[in-house]
Structure formats: structure tokens, C-alpha cells
Amino acid sequence: MIELEGLTKRYGEKMAVNNLTFTVHPGIVTGFLGPNGAGKSTTMRMMLGLDNPTAGAARIDGKRYAQLKDPLKYIGALLDAKAMHGGRSAFNHLLCLAQSNGIPRARVHEVLDTVGLTQVAGKKAKGFSLGMGQRLGIAGALLGDPEILMFDEPVNGLDPEGIHWIRNLMKSLASQGRTVFVSSHLMSEMALTADHLVVIGQGRLLADTSMADFIRQNSRSYVRLRTPQRERLLDVLHQEGVTVVEAGNGTFEVDGTPSEDLGELAARHQLVLHELSPQQASLEEAFMRLTAESVEYHAHADHAGSGAAPPPPGQGGDWGAGWQQQRKRS
Amino acid sequence: MTTPPTPQPQAQPQQAPPQAYAPAPQGAPVPQGGPVPPGGAPMAPPPAAPAPPSAWQQAMNNAYTSPIPVRKTHLGNALASEWTKIKSVRSTMWTLGVFFLLVVGIGLLVAGQTQDRDYADVPFTIPAFFGLVLGQICLITLGVLVTSSEYGTGMIRTTFTASPQRYRVLAAKILIFFVIAFVVSAGSILLVGLMTSGMHSGPEAGDVDWSGTVLKGGLYVSLLGVLALAAGSMLRHSAGAITAMLGVVLVPAILPVFLMISEGTRPLGEKMMDYNAINSLAKIFEMDGEGGGTSQLLLLVGVTVAAIAGAFALLEKRDV
């Protein structure tokens, strides 16, 4: 269990992490989500005692990280796949970590086997591909068989097989009752692995919710309409008390009214429709909307009212659509 | 331990960890995901039902059967770790190898050019002096690399994550490096002394005791290396720290030439002349026939202790 209490980090004028308070629970995968530069890595470094917080504290099982005497047995972390001396072999890299925590040498062979690097244990780490480096970093995290695991962007630069491996790894670690905390800037990745979500933007906490709740609250479903008779459609919908949003290119979006009702309504009023399709906004769009708000709030603080409005749905919808269709198919 | 074929939510995964984590001798609470945490910390809502045991999960469960003893870590762990680190990179072998070749090689050349009577009132280790003047740069380089290479590669984050007691890591680095540097440098000087005395132990050679030069000479260049290690820890940059250390060694040897010109700066110039690294080594090896070099050695001890204190002070304060 990891507890953050008002964790704050300021670099000069810039607030990298602003008063973060949340708890990471055991037994589930907790996703730590935010756009690039949101403060994810800084937060993780403070959790690990590498950076000193300006204010607040992060506690591992109730203790500050610096108070842990043999931290590898409590918490294993993968911060950066290349956080190792390139001239040292994989085995020696793990061995010096193991020795610093009094972990027996045999365990090094075990974790090398677990991550599938036994064949290259004697090779220098600088010859490793990104995926192999990532695996070596994970081997280091697993070294003390810790109850808490922390991964910073573990799928970055991995091939599909490696991504699949890491997803299964995180899920199985959590199912053993461990605390798994993983950061990412990809909502789609988190949707597949995380049970719980912590979202930050500009260093501030934006959401701390279960994945199911996040999906329920944020996957907006609406109906898209297209018609050559713009004025009549607006009149008809206005009479029926249906709110409609114009999305450009002659399309309209209606929230909260089933497509069947809209179709029958159009038929009754002899409206020509070129399109009548139920739509579902992807989680990626929901995430972008959530973080875009925080970005705009900070950038244009003087007209915060307009800044808080979500961006037009058509804008982000195009690139999210492909992913959304994939989700539907699977 | 075998894995049951069907997943049993909560029960099965919880059986294994207590074997692996308990008992913690330092009395640290080790809360598990289970219902009765020993530390009494509030527990999370029950986790989601686990996925069917995959091949990976079975591997992990097997890993549990090898219990990892939980012990309180101490300086000995850090020393073992730093020993593995220093011997598992190639730069150690290169810098120490070049040092050894310089001291012994140049020492042999000098010994071959000298006569028995040259050693009438100087120690037999004098030929090692010439190699040490060059070789000290190897020890400076290695000392800097011991700390700064961790910052350069990012390894330092892994190191401090594994050992949050940063002072212990630095102390272990200093000890390991100092012992290695002293053994290699004193050993090289001893070897040169033995070979020279073997070549020139005729009746014309004096009977000057040279054991002190082995110890003091080794100590002086090893301390220079430790000073470099502290500089590497403070500057966190290999090239910067090596340049700074070369400045420390060379500037006091060159600057007196200019300081002697003006009457006002002459006393400062003379002090620098007396205490620069090259002249200090010369004094230790009794080049001037007087012997000594103790005050020069003490100055280096003082500077090194101050640099180590600075490195420790900055170590805890700064982010990595």
C-alpha cells in the first residue's frame, strides 16, 4: 500500500506536482495516467525517495521510503529501462542490487529466468535492445519478491509480444495480492490492464476512480445526425425539447435520446436524414477531455469559464474513432 | 508448493507471501493484501478475482518456495555490492592496469639507468616516483568514475532505490576504492623497491629504510583518488570532475612560476611550490635527500576529509 499526502514538488516557479493525495491499494493494478509532463515520473521519484518533496509525504506501508532498511523486499520499481551501467553484465547488475539488500545470489538466477534473460545473463547491458533492457529492469524490480511494484511507462518502445507479456505480468502480480502501480500516458493501454485509475494533469489530481466507474462516467454515448434540412431539424428538435449540438460539416449530435426515437421523429416530420447513427466516445477522448480541461484552466486562467468547456467533439473524435471501432469488434 | 488448477479468489495467493516475507527481524510491519495485516494498517477493498493461473503466475509461485531471508541491511551489504560494481566494469581493469604498467615500467627503466652509488642516501623506491607522477591520473580517473559514472548512466537511481541510506553507499564506495587503490599503488611501489634493491644492492648503495615511502607514497596517490571520488560525487559529471581534479594536481605545480614574479605573491607561490601534488610526492620519496612529506600528506588528508564532508552533505540534500 502506498499513501500520498499532499505531495508537492516545485521547481522554481513551476509546480511539477501539486498537492497530490491518493492511496494505491493492494491486490489490483492501479493505473497512473496523465499526458507527457503531467508529473508522473516526478511523483514516482518522490515515492522512491529519489527526489525530496517540497511539501507533503509519500509513505510505503506507513513509512517514508528512506526509513526502509531493505527496500527491495518491500517495493520493486522500474523507473527507466536504461538506469543501469551499460558496461556491466545483466547478471552483475542484478547481483550488486541483490547484495545491497542481502538477497541471496540464487535469487538472481531465478529472476533472470522469470524474465527470460538467462541466455544473455553474461552479456553487457549496453548491447541490449529496449525490450531486453525493460526486462532486465523488471527483473531488478522482482528481485526482492516485493509486495509493491511500481512501473514507469513499462510498455514504451516494446513490441506487441513484449507489451502482452508486461500486461499479463502486471495482472498476475496483482492477483497474488500485491500492490501494482503503473504509469502511462496511453488511456487505451490502461483500459486493458488497470482496475483503478489515478489521473493527473499539470501535477494536479484529476480523477481517482475505479476503471469501471471511469468508463461508465466518461464514455459518452450520443446519436449523430446528418441532414440537408438544417433549419427544419433544429425546429423539430427544439419543439420536442431535445438539445442538439452542431458538430460542423452538417452533422448534429444529440445526447440522451435513443436513435430509434429520433428516427421516428424525423419520419413523422418528413425530414430527410443522410445519417442517423449511435456513437460512443472512446475512453481516449474522455481522457483527453479530462486533461485538456486542466491544461486550459492553467493556460487561460482569466477566462476560466470558457476554458472549462469541453473541446468540440468532432475534433478529437477522428483519431479516436479507429480505436473505438477496434474495441467494438473485439 | 503447487498451484491448484482452479483460481481461488483471495485464499490461494495469500498463502504464499507470508512464507516469503515473514518474519521481519526489525519488527517492520509487512501488511499483505490479506484480511489480517500484522501492521494494522487499513486494508484496501477486496481485490478483483484473480485471473486463471498463467504460466507466469506459476513461475512466481515457484519463486515463493525459495524463501528470501529478510535481514536488516548494514554496511557489509553495501561493501559487497560496491565490490561487485567496481570489479564488474572494464574501466577499473584499464585504469589500474595502466597505473601498474606506468609505475613498474617507468620504475624499471629508471632503475636500469641508475648506478649503485645513486642510492647512497636515497631510498630504493625512488624510481617509482616518475611513474607515480603520471600514474596518479589513472587513480584520479577511476576515483571520479566510481561515483560519476552512476550519475552519467542513470544507475544511481537504481542504486538509491535499492539503498535509500545514501551515506552508506558513498561510505562503501570510499572504503572499497581506497583499499583497492592503496593495495595497487603500495604494491606497485613495493615491487619497484624490491626490484631496484635487487639490481643495486652493491656496497656503494646506502642502507636507507624505504618502507615508509611505500606506505606514504601509496597513501598519497590513494587519497588523491578518494578526493577525485568525492569530486565526482559532488559534480556528478565525469569529464567535469576529471578536469577539476587535473586542475587540483597541475595548477599548483604551474602557477608558482608566475606567482614568483611579483614580490607580493611570492610567499603564496612558495607555499604552492612546497605543497603541490608532484612536489609532495618528491618529498615523500626523499628526492631532496631530507625525507618527510608528512605535512604535505596531512594537507591532502585535510582537503580529502573536507571534500568527503561536502559530498556527504550534498548527497542527502539533492535530488537524483
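A: In this predicted model, helix H8 of chain B, residues 211-235, packs with helix H12 of chain B, residues 294-317. The angle of packing is about 25°, and the two axes are 9 Å apart. Angles under 35 degrees count as roughly parallel, and H8(B) and H12(B) are therefore roughly parallel to each other. Their crossing is left-handed.

The residues in contact can be named on both sides. From H8(B) they include Lys216(B), Leu219(B), Tyr220(B), Leu223(B) and Leu224(B). Further along H8(B), Val226(B), Leu227(B), Ala230(B), Ala231(B), Ser233(B) and Met234(B) also take part. H12(B) meets them with residues including Leu297(B), Leu300(B), Val301(B), Val303(B), Thr304(B) and Ala307(B). Ile308(B), Gly310(B), Ala311(B), Leu314(B) and Leu315(B) belong to the H12(B) side as well. Sorted by class, the contact between H8(B) and H12(B) has 18 nonpolar, three polar and one charged residues.

One part of chain A is a hairpin made by S1(A) and S2(A), with two residues between the strands. Gly12(A), in the turn, has a positive phi of about 60°. Strand S1 of chain A covers residues 2-11 and strand S2 of chain A covers residues 14-24; they run antiparallel and are joined by seven bridges. Within this pairing, Leu4(A) has Phe22(A) in S2(A) as its bridge partner.

Another part of chain A is an open sheet of six strands with mixed pairing, in the order S5-S6-S7-S3-S8-S9. Strand S5 (75-78) and strand S9 (204-210) of chain A are the edge strands, each pairing on one side only. On average, and with direction ignored, neighbouring strands of the sheet are turned by 15° against each other.

Within the sheet, strand S3 (residues 29-33) and strand S8 (residues 196-201) of chain A run parallel and are joined by four bridges. The bridge partner of Thr30(A) in S8(A) is His196(A).

Helices of chain A also meet these strands. Helix H5 of chain A, residues 160-175, packs on the sheet and touches S3, S6 and strand S7 (179-184) of chain A. The direction of H5(A) makes about 150° with that of S7(A). Helix H4 of chain A, residues 130-142, lies across S5 and strand S6 (148-152) of chain A and runs at about 170° to S5(A).

How values were computed:
Residues are numbered from 1 along each chain as its sequence is written. Chains are lettered from A and ligands numbered from 1 in the order in which they are written. This is a predicted model: local features need pLDDT of at least 70, side-chain atom pairs count only at pLDDT 80 or more; totals for chains, interfaces and linings use all residues. Two strands pair if DSSP finds at least two bridges between them. Axes are lines fitted to C-alpha atoms, for helices over the stretch in contact, and angles run from 0 to 180 degrees between N-to-C directions. Angles under 35 degrees count as roughly parallel, over 145 as roughly antiparallel, 65 to 115 as roughly perpendicular and the rest as oblique. A crossing is left-handed if the near helix is turned anticlockwise from the far one by less than a right angle, and right-handed if clockwise. Two residues are in contact if their C-beta atoms, placed from the backbone, lie within 7 Å. Ala, Val, Leu, Ile, Met, Phe, Trp, Tyr, Cys and Pro count as nonpolar, Asp, Glu, Lys and Arg as charged, and the others, Gly among them, as polar.
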